[in-house]
Amino acid sequence: MRSPMGLSHDGPAVLADSLAVGRDRAFVGRGDELVAFRAALAGGPDARPVQYLHGPGGIGKSMLLRRFAREARQAGRSVVEVDSRTVTPTPEGFVAAASIAVHEPGVVLLVDTFEMSQGLEGWLWERFLPQLPAGAVVVVAGRVPPDPLWTSDPGWADLLQVTALRNLAPDEAAEFLHARQVPVSAQQALLEFTGGNPLALALAAAVTVRDNAVRPSWKPNQDTIATLLRQLVGDTPSPEHRRALEVCAHAYVTSESLLRALMGEDAAELFAWLRVQPFIESTAAGLFPHDVVREALEADLRWRDPEGFADMHNQMRELHLAQLRAAPDSSLLPATGALIFLFRTDRQMSEFNIWREVGLVEDRPYQRAHRERVLELVEQAEGQESASVAAYWLDRQPEAFRVYHSTHTGEPAGFSAWLELSEPVGSDIDPVVAAAWHHARANGPLRAGEYMALARFTIDAAAYQRPAPSTTFAQWRATGEMIRGDRLAWSYVVMRDDGYWDKHLGDINMVPIVAPPTVGDHRYALFAHDWRAQPAGPWLQEKSDAMLSGSTMAGAPVRRRGELVVLSRPEFDGAVREALRTLHRPAALADNPLARSRVVLESGKNLPEILAGAAESLQGERGGEKLYRAVTVAYFKGAPTQEVAAELLGLPFSTYRRHLTTGVERMSDLLWHHELNGQ
């Protein structure tokens, strides 16, 4: 038996033996790969004597090859190990390192880090491997997959098996940490950061054991992050490529259009580079990095350039917000999930949204055939009284319900409802709706054209209202509807009043009402938000500021100085007239409630500019020129009296008064439209 340098391992025990025992003790997982390798050693009819393993740095290729070598030697096979890092990448250099394999019956040839000799791939398949003796077993491991030319070659079809190595499964990763003597109290934090990457697990375990860092809130130090990035990512060709990686790490998935919006015309080149990196995966929606690469890039950028990270986050938030508002209803959930994902480093967000498991359910509209199952789920979780309430809403707003089907069984695994109400219908049937209307009337009644909404039911068959794929989809739908609801006044998230959701919802300015309602034997908490007082844009900006600073939105008053006031239509019209009369008195304008209305604060302009813009718009209406002149002379040019204004315009006083009144009314109509609908 031979080592890579031809040294014998026969005879007295050496240090290598103890080293191998330690590595065996720490080896976990890779069951499928071991089965395939053992089958190749046994030489059965279905065995594949040539195996190609590929995956990013740190995924455990070298560790697996060492295990293969040990098993091959135990099976009595000669083993030849070639590490391409130490081989001249020429046919002559490779032959010099592996020539013994050509003459050794039953040899096992293990080639590691083949990406260093990738230029030899054609020669390897065409010239070198075919000359190996029958019964030989070959395993090649590298960062990139083999050229499709060879995987599609019918000659290799029955001989070659290609395997993409993945991260360890959660139970395997936990076993790995246990073998490394990591305290149980620290394991969950390590698993979340590493995503099961073996190298990251090994580094994090070493740091945790060395520093006795057993806190559940464990975070890797910068040395660990730097080591991971050096091993997993390596050097990037340019700062632009590094920036593209950081964008890819922050986004849920990265498309070429996303890169173009953030990085300009180099997007195509950068996207093409990203997609061939061994630590990048692709889906129908775009690209995403392996978990540990994502986490390491994020942590490194936030430490190295916090201002740059904040700038990138804010740009991506505004882009995803615009995409959500423009998305068709069929794309509501993925668009909302992509926006929320930008906030995942906030534990209050990550602990209540399960991005990795949402593929376990499929969102579908409610159908009549679902009625019995939906009511059964309600009765099981909340009782007969609540089921009767659900039946009432199923009859009156069936379109409000979404059913989440298991992608494994096809059966309904949960459902949610998003009720939209402009009148207090159902208040006599549903105590929760009655409590919401009572709260809204007391704290900011609906104005004409506005509505309120309730995330009325959130039920998962197994978890009820704890984090699960169904409850994650329910949250995404409610959040998306809140953001897209132009005339939404109040929203209410309804949850069992057991305190579980208080901190999470409070952290996003969803405030529990004072008098929670009861249905049957259960009391329910209603978490309210007035979207007129804090619309979606400022709401998300405040959440970003809290996340970036490590603070919280919880406990902060929803209405603070500088935020919106909510005016009825008569109050709004009166404020417009008063603002025009005091247009040249800054102190009076500053006290005008219109200065804190949505139409002003969301525009980025001051009140005089808003009024001037509304007056200018009159000119675009039929007959609006005369209205514009009357308003301009009376208020913007500041005629001392209305009689003087009429004289300046050469109009009879009664005609001037009619033009002025109509002009102010039309300005108020226009501004009210923007107040309700946004810019």
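In the predicted model, residue T479 is found in helix α21, which spans residues 469-484. The relative accessibility of T479 is 15%; because buried residues are those under 20% relative accessible area, T479 counts as buried. When neighbours within four places in sequence are left aside, the contacts of T479 are with T336, I340 and W539.

The largest nonpolar core comprises 63 residues. Within this core, the residues that touch the most other members are L259, L274, M316, M482, I483, L505 and M510. For L274, contacts beyond four places in sequence are made with A244, L245, C248, L259, I280 and L287. Another core, of 39 residues, lies apart from the largest one and includes F401, V403, W437 and V494.

The packing of two helices was also examined. Two packed helices are described by the angle between their axes and the distance between the axes. Helix α10, formed by residues 222-232, packs with helix α14, formed by residues 291-304, at an angle of about 125°, and their axes are 10 Å apart. The two helices α10 and α14 are therefore oblique to each other, and their crossing is left-handed. On the α10 side, the contact involves Q222, I225, L228, L229 and L232; these residues meet V292, V293, A296, L297, A299, D300 and W303 in α14. By residue class, the contact of α10 with α14 consists of 10 nonpolar residues, one polar residue and one charged residue.

Notes. Residues numbered from 1 in each chain as written. Predicted model: local features only at pLDDT ≥ 70, side-chain atom pairs only at ≥ 80, totals over all residues. Heavy atoms only, no water. Axes fitted to C-alpha atoms, helices over the stretch in contact; angles between N-to-C directions. Helix = DSSP H or I, 4+ residues; strand = E, 2+ residues; numbered from the N terminus. Parallel < 35°, antiparallel > 145°, perpendicular 65-115°, else oblique. Left-handed = near helix turned anticlockwise from the far one by under 90°. Contact = heavy atoms within 4.5 Å. Nonpolar A, V, L, I, M, F, W, Y, C, P; charged D, E, K, R; others polar. Core = buried A, V, L, I, M, F, W, Y, C linked by side-chain atoms within 4.5 Å. Buried < 20%, exposed > 50% of the residue type's maximum accessible area, 1.4 Å probe, protein only.
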